[in-house]
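I opened the model to look through its two chains. These are my notes, in the order I made them.

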Amino acid sequence: MATLASRREISAIGQPPSLLDELLRRFGRVILIGIPLAFLVIWTMVPIVWALLASLKDPLEIYESTTFLPRDPSLRAYWIVLGMDGFGKWLFNSILVTLVATIVPLILSILAAYAFAKYLFPFRHVLLLMYLIPRIIPRVSLIVPLNDLMTDLGLINTYWVLYITYIASAVPLATWILVGFFKAVPKEIEESATIDGANMWNRLRYVILPIAWPGVVTAAVLCIREGWNEFAFVLALVTETGMRTLPYALYMLRDSMGVQDYAVYNAFTILTVLPLLVVYLLLERRVVESIVSGAVK
Amino acid sequence: MAEGYVEYRGLKKNFGATPVLHGIDLKIDEGAFVVLVGPSGCGKSTLLRMTAGLEGITDGDIKIAGQVVNRVHASNRGIAMVFQSYALYPHMSVNENLGFSLKMRKTPLERIADAIKGAAGILKLSPLLERLPAQLSGGQRQRVAMGRALVREPAVFLFDEPLSNLDAKLRVEMRAEIKALHQRLETTTIYVTHDQIEAMTMADTVVVMHDGRIEQVGAPLEIYDRPENLFVADFLGSPAMNLMDGKVVATDFPDQPRAVEVAPGVLLPIPGGAEAEPGQDVVYGIRPEHVTLVAADVGEPVTMTLVEPAGWETHLHADLAGLTLRILSVERVGARPGDQVGILIDPERVHLFDRGTGRRL
């Protein structure tokens, strides 16, 4: 009782507790933070779990939809997807384009971000803002002019058209992420390396990149995600079946290929999402660390 | 005139349109331990960074070992620098930190290992070689930073406020270690600090800077005992020198023909040799430890306003005709605030400055 009384006295003397404090006190962090988080997790996971379970069902069972869990789980749909003509090529296309759309933007962005972060050149703020233009303009509005341009250049239905557009889209994102991380590397550390005899390349290689490594990993993960999931450009700039990537092939599965087997759609979806999930799970800790450390700094 | 090992000639630095160094001329002898001291923003760190090659030069020359280095890259000036923040490479072990500069110079691995071993031995870092900087204490990090400078066997050591991030006890220890290291290696050292105790205790030569200019250069005690101007007089010394505006007046005393009137009717003695004429406006300076407490009827009467016993000395404030006089006594003082006591001032300990120019008279 004494403790309660003194607490009341303290709160009476100090600031009146805010509504949030009061709610936190009454319902506790677990309920206030835990429930929304649980909701978010469910919201995110349900479609994936739903697709996974549906992919294991019989096609007719999906239409009946009387049970959530498959009555007789089977990998039939996966074998159908993996046996499709072109699936291997689409997977290869996705991997190839994503790799190029990750490695090239990372190299370009590391160099650009280093310059933006460490060199005082005229109009650097304006230039950095201009970097955002490709991402500010809605992608859909770029499709027609890009299609015209690439047709004129004779690049439609080539890997080059995907490389160019994917890289152009990823560079601003990666640069902006890396500028923040490079700026956070203390000036003295780089000056110390300068005195130690490290030229610009060696400073970047031995000092800046290892210190800003979480930022590089974050930028890489986001580039991988963008490249893997990219849909608008591939839809507009590729027409040949053999040039499709997995998201595009998934989209075309029903409309062009006339597949009515929802278990196959879902198996295709799971197989499309799976590589990205694996990358996320492998690098998740690094990404979270970097986002948190960035927030604190 | 003999050349200095490190020499600044008419050195100027502007940041944009703002001048921060107004023409520095200074010669530093080989093997000297020179401390640049001054308040924040006086340009001491800028001067050090220019010496290191981390800041450009607006005008003038920097010479190191007889060579003008204005256009020589930082890595080729034969200098090594210890930063205030240590600037250790956080992802490298102590071993890698120590060897990095040699690795960049493509030194053979055996020589790198020898150099690391030597530096680690001198700085007692041998048990810590595999650790990362984050696993070290502040003092250990400081030693690694020094070790990194040491392995390069530089012609000049540059220290930029290296002890500022340490606690008081460790600072005293590291101060002694740096001084001992200098005595052992006898490498020319330029050390920047705003801490006058560091300046006084470590330097062979103190350079007092203010507002982008050198105010005075000299041995620590020489500067303490004979400050050339008001800024130096006020800056060096803790507690600070008592500085009182006054006017030189003629007196009737044959042994003290002149004195300074600091308040109506309050005459304080001045040194016999001071070049001050009656009627001249001056600033009268006396260090707190040079004011002697006596009985009220013996000396100039004052009223105690503050008594701060520190154990080994006593800091006192006394009211002298409306002026606050700081007094430092190494004796234990029984006086209490409000007590009337007397003070005596040895005229030979008095510093007299022209009030207009601030120069010593």
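Domain bounds here come from an automatic or database domain assignment. For chain B that assignment gives domain 1 (6-235) and domain 2 (242-354). I looked up how far apart they sit: their C-alpha centres lie 40 Å apart.

Before going on, I noted the ground rules. This is a predicted model, where local features need pLDDT of at least 70, side-chain atom pairs count only at pLDDT 80 or more, and totals for chains, interfaces and linings use all residues. Residues are numbered from 1 along each chain as its sequence is written, and chains are lettered from A and ligands numbered from 1 in the order in which they are written.

**Domain contact, chain B.** I took two residues as in contact if their C-beta atoms, placed from the backbone, lie within 7 Å. Five residues of domain 1 of chain B touch five residues of domain 2 of chain B. The domain 1 side divides into three nonpolar, one polar and one charged. Nonpolar means Ala, Val, Leu, Ile, Met, Phe, Trp, Tyr, Cys and Pro; charged means Asp, Glu, Lys and Arg; the others, Gly among them, are polar.

**Sheet, chain B.** I traced an open sheet of six strands, ordered S6-S7-S8-S3-S9-S10, with mixed pairing. Strands (E, at least two residues) and helices (H or I, at least four) are DSSP runs, numbered from the N terminus. Strands pair if DSSP finds at least two bridges between them. S6 (79-82) and S10 (213-218) of chain B stand at the edges with a single partner strand each, so one side of each has no neighbour in the sheet. Inside chain B, S3 (33-37) and S8 (188-193) pair in the parallel sense over five bridges. Val37(B) has Thr193(B) as its bridge partner in S8(B).

**Chain A.** I found 15 helices and zero strands. Of its 297 residues, 30% are buried (20 or more other C-beta atoms within 10 Å of the residue's own, all placed from the backbone).

**Interface.** 14 residues of chain A contact 17 residues of chain B. Helices H10 (187-195) and H11 (200-211) of chain A each give two or more residues to that side of chain A. H10(A) gives the most, with six residues. The chain A side divides into seven nonpolar, four polar and three charged.

**H11(A).** Which residues of H11(A) are buried? I listed Arg203(A), Leu204(A), Tyr206(A), Val207(A), Ile208(A) and Ile211(A). The buried residues of H11(A) pack against H5 (87-118), H9 (159-183) and H10 of chain A.

Definitions and conventions
Buried ≥ 20, exposed ≤ 12 C-beta atoms within 10 Å, placed from the backbone.
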